[in-house]
Amino acid sequence: MIKESSPGAGQPKTQTADFAVVRATGVHKAYGDAGVLTGLNLEVPRGETITIFGPNGAGKTTLLRVLGSLTRPDRGEIAINGFSLKEQAAFARSTIGVVMHSSLLYGDLTARENLRFYGKLFGLGDAEDRIETLARRLNVAHRLDDKVRDLSHGLEKRVSFVRALLHRPRLLLLDEPESGLDQNTLGIFEELLAEFRAGGGATVLVTHSLELGLALSDRIAILGGGRIVFDDRSENVTIEELPEIYRRFTGEVS
Amino acid sequence: MVESIGTKRTVWLFATAVLVLVTMWMIFEWVPTERNLGVVQRALYVHVPLAWISMVAVGVVAAASLMYLITGKRRWDSIALASAETGVLAGTLMLVTGAIWAKPIWNVWWTWDAKLTTTAILWFFYVAYLMLRAFAPPGNQAYRMAAVVAVLGAVDVPIVYYAADLWRTAHPELIIGPAADSSGLTSEMGLTLLVSVVAFTSLYIYMLVDRYRVRQSELEISDLKREMRNYLYAPSTSDVPATAQSLRAAAAEPIGD
Amino acid sequence: MKISLGPVWAVAKKDLLLEVRNREIVVSILVFSGLVFIIFNFAIELTRVNRDTVGPGVLWVAFIFAAILGLNRSFIIEKDGNALEGMMLSPIGRDTILVGKTLGNLLFMLAALVVLFPVFTALFNVNVLKPEIIVIAALATVGLATTGTMFAALSVNTRAREIMLPVLFLPIAVPILIAAVEGTAQITQGGNWSEAAEWLQILAAFDIVFVIAALLTFQFLLED
């Protein structure tokens with residue numbers, strides 16, 4: 001039913017033709033007393049954008065870290081694009097793009113040097129072209145040869161986006177990507193996301209902005225007590241009732 | 001179940017207490033004073049068992065840490081922690097009793113021979129290990145880091161000893177006090193030492209097991225706290241997330257069903 | 001364990017590029033070592049009688065203390081924009097990252113020594129520019145860079161990391177310090193290869209044991 005186009009040679013046989021981009025089952029992760037994830041299940045198919053809401057400390061960031069294979073869950077199974085994070089982490093990682101709060105860039109290197117470096121880590125043959133294309137798309141091409149330290153927050157964020165998209169990921173993990181972005185950049189970012197989705201990419205977005213989350217995504221979920229407690233298609237929820245639903249599950253006004 | 005463990009524990013504690021009392025009596029009353037070294041030689045009956053315990057403790061930490069790295073089971077980490085704490089305590093007391101013994105016998109509190117140097121370095125290393133456990137980020141990551149450090153430390157011990165030994169040969173001791181080597185143990189002395197080793201080993205095991213159980217209880221409490229907090233957060237025990245539809249349906253139902 | 005050289009070199013080269021740009025690590029090691037030389041000079045006056053025996057101790061203690069600063073720095077750079085996590089998000093393994101970092105740190109330490117040795121020789125009139133001592137230094141630096149990178153990677157995620165690195169690293173590195181100091185002293189006192197042989201053996205043994213240990217444990221050190 002789904003015909004996967006690219007992943008190249010050396011692809012393990014265990015990957016099946018019919019798979020979700022994200023499949024997480026029974027994921028547990030604890031930090032001391034704080035049980036951040038407690039048996040979380042999540043499945044995201046191709047071409048879907050899902051927004052995860054939740055109060056501070058609900059584990060949204062931890063969820064993204066676990067999905068991005070930065071943090072190893074205490075229990076549970078996760079497969080990204082059909083690759084198990086336990087056994088085939090390297091394959092999985094090469095299909096994931098991540099934008100976090102921190103830029104993941106070296107302040108003393110130029111944007112281009114940073115991106116080239118990541119190009120090498122991901123084994124890209126056409127890194128230079130990708131950098132140019134994406135940088136132009138995100139309107140940072142003219143600042144590529146400036147040190148990241150000298151870039152404004154918005155520009156740095158755009159370079160982070162280039163970094164995340166450089167290796168043609170099939171899954172984007174975005175942790176409050178809108179923070180610190182001006183209206184222009186936000187517009188570009190929304191366009192890019194739409195393109196990415198049209199190309200079959202899946203996105204897991206974490207944000208505090210109910211409006212933005214609802215507007216951008218096909219599906220919204222609320223994280224509470226370390227699990228998904230609410231999960232529905234965006235079209236089933238109106239922006240008027242969303243704050244009420246959010247309050248109901250988190251005891252907070254968004 | 002709990003009671004039987006409790007009983008066993010009490011019996012063990014009681015037996016250890018009796019053994020320690022007997023040991024004390026043997027050390028201070030029964031065993032004859034060593035002719036050359038005098039009364040201070042009695043410190044050895046405490047010093048040697050403490051050194052023995054420290055050695056065992058170091059071995060247990062390394063073995064348990066290796067097991068943790070292999071299996072990832074939390075209880076191995078608890079054993080390593082319990083043994084490290086007990087070992088540092090025993091090691092500290094060993095260094096103190098050693099100094100007390102050395103001052104009148106060697107005329108110095110401390111000397112930099114290979115054994116002492118290695119012991120001192122090991123002592124610092126295990127204090128650093130406990131510091132790391134205190135400063136590490138919460139969660140499994142801390143256990144893994146501690147386990148790696150413990151294994152690396154164990155690997156380092158022979159090299160440290162060899163280097164310190166060679167270093168000592170390069171710098172021969174200048175003055176060492178009167179007759180350091182004792183003139184053969186009498187059978188009473190041997191027996192006292194043996195009983196003392198048994199008593200202290202029994203004490204070590206008691207402390208190890210007790211600390212291990214406290215640790216496991218701490219972890220259990222932390223698990224329970226977590227579950228409770230999550231329950232308060234999301235009282236729904238259902239594994240199926242709600243949808244807008246289900247919420248509307250629930251709202252439409254009459255209250256007080 | 002699959003460590004390929006391409007990514008290892010990419011990580012090390014990135015560190016070199018950063019270093020060329022801001023010269024933080026090598027310069028810190030140099031300045032700090034130089035200061036320790038000066039301080040030691042007041043603490044233990046080096047005379048014609050004792051400088052050949054005491055001098056090597058001054059040299060290596062100064063260098064090891066300074067190396068700790070450099071090691072801390074090499075991971076603080078990674079924490080700045082959290083680029084360490086950026087690398088961990090890429091398909092290269094955790095061990096590849098740390099092998100690359102080790103290589104970088106090794107090069108920085110060697111670079112610092114290239115300057116420190118002549119400076120030390122000039123300041124204290126103890127000639128350490130001899131082939132035997134250079135081999136000792138090379139072996140010592142391999143051990144220091146390997147264990148140092150391990151503990152720096154581990155400490156960077158802890159509270160009080162500035163303290164954690166030295167208290168963990170120094171006890172482990174004691175054999176290197178002993179062997180480097182004694183081996184160097186044998187040579188400055190007019191010995192040759194055979195006098196230094198045992199110390200070279202200890203250094204080589206330490207390097208072999210800890211390079212293997214590092215390759216086996218690197219994967220556990222970074223948070224994941």
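Because the model is predicted, local features are reported only at pLDDT of at least 70 and side-chain atom pairs only at pLDDT 80 or more, whereas totals for chains, interfaces and linings use all residues. Residues are numbered from 1 along each chain as its sequence is written, and chains are lettered from A, with ligands numbered from 1, in the order in which they are written.

**View 1. The contact between chain B and chain C.** Here 27 residues of chain B are in contact with 25 residues of chain C, two residues being in contact if their C-beta atoms, placed from the backbone, lie within 7 Å. On the side of chain B that touches chain C, the elements giving two or more residues are α4 (114–135) and α5 (140–170) of chain B, where helices (H or I, at least four residues) and strands (E, at least two) are DSSP runs numbered from the N terminus. The largest share of that side, 17 residues, comes from α5(B). By class, the side of chain B that touches chain C has 23 nonpolar, two polar and two charged residues; Ala, Val, Leu, Ile, Met, Phe, Trp, Tyr, Cys and Pro count as nonpolar, Asp, Glu, Lys and Arg as charged, and the others, Gly among them, as polar.

**View 2. The largest nonpolar core and the surroundings of A146(B).** The largest nonpolar core has 214 residues, and those with the most contacts inside it are I80(A), V162(A), A80(B) and A146(B). Such a core is a set of buried Ala, Val, Leu, Ile, Met, Phe, Trp, Tyr and Cys residues joined through C-beta atoms within 7 Å, and a residue is buried if 20 or more other C-beta atoms lie within 10 Å of its own, exposed if 12 or fewer, and partly exposed in between, with C-beta atoms placed from the backbone. The element that gives the most to this core is α5(B), with 16 residues. When neighbours within four places in sequence are left aside, A146(B) is in contact with A80(B), Y129(B), L132(B), R133(B) and A136(B).

**View 3. Helix α3 of chain A and what covers it.** Helix α3 (residues 111–121) of chain A is mostly covered, since nine of its 11 residues are buried; among them are R112(A), E113(A), F117(A) and Y118(A). The cover over the buried residues of α3(A) includes α4 (127–137) and α5 (153–165) of chain A, together with α1 (5–22) and α4 (83–88) of chain C. Just after α3(A), G123(A) takes a positive phi of about 65°.

**View 4. Strand β9 of chain A and its partners.** Five of the six residues of β9(A) are buried, so this strand is largely enclosed by the rest of the structure. Strand β3 (residues 49–53) of chain A pairs with β9(A) in the parallel sense over four bridges, two strands being paired if DSSP finds at least two bridges between them, and T51(A) stands opposite I220(A) in β9(A). The pairing of β9(A) with β10(A) is antiparallel and runs over six bridges. In β10(A), R227(A) is the bridge partner of G224(A), and in the hairpin of β9(A) and β10(A), which has two residues between the strands, G225(A) takes a positive phi near 55°.

**View 5. The contact between chain A and chain B.** This contact takes 21 residues from chain A and 18 residues from chain B. On the side of chain A that touches chain B, β1 (22–31), β2 (34–44), β9 (219–224) and β10 (227–233) of chain A each supply at least two residues, and the largest share, six residues, comes from β10(A). By class, that side of chain A has nine nonpolar, seven polar and five charged residues.

View 6. Most residues other than glycine have a negative phi. N107(B), although not a glycine, has a positive phi of about 75° and lies in the loop between α3 (74–106) and α4 of chain B; with 13 C-beta neighbours inside 10 Å, N107(B) counts as partly exposed. N125(C), also a residue other than glycine, has a positive phi near 60°, and its place is in the loop between α5 (94–124) and α6 (131–155) of chain C. N125(C) is exposed, with 12 other C-beta atoms within 10 Å.
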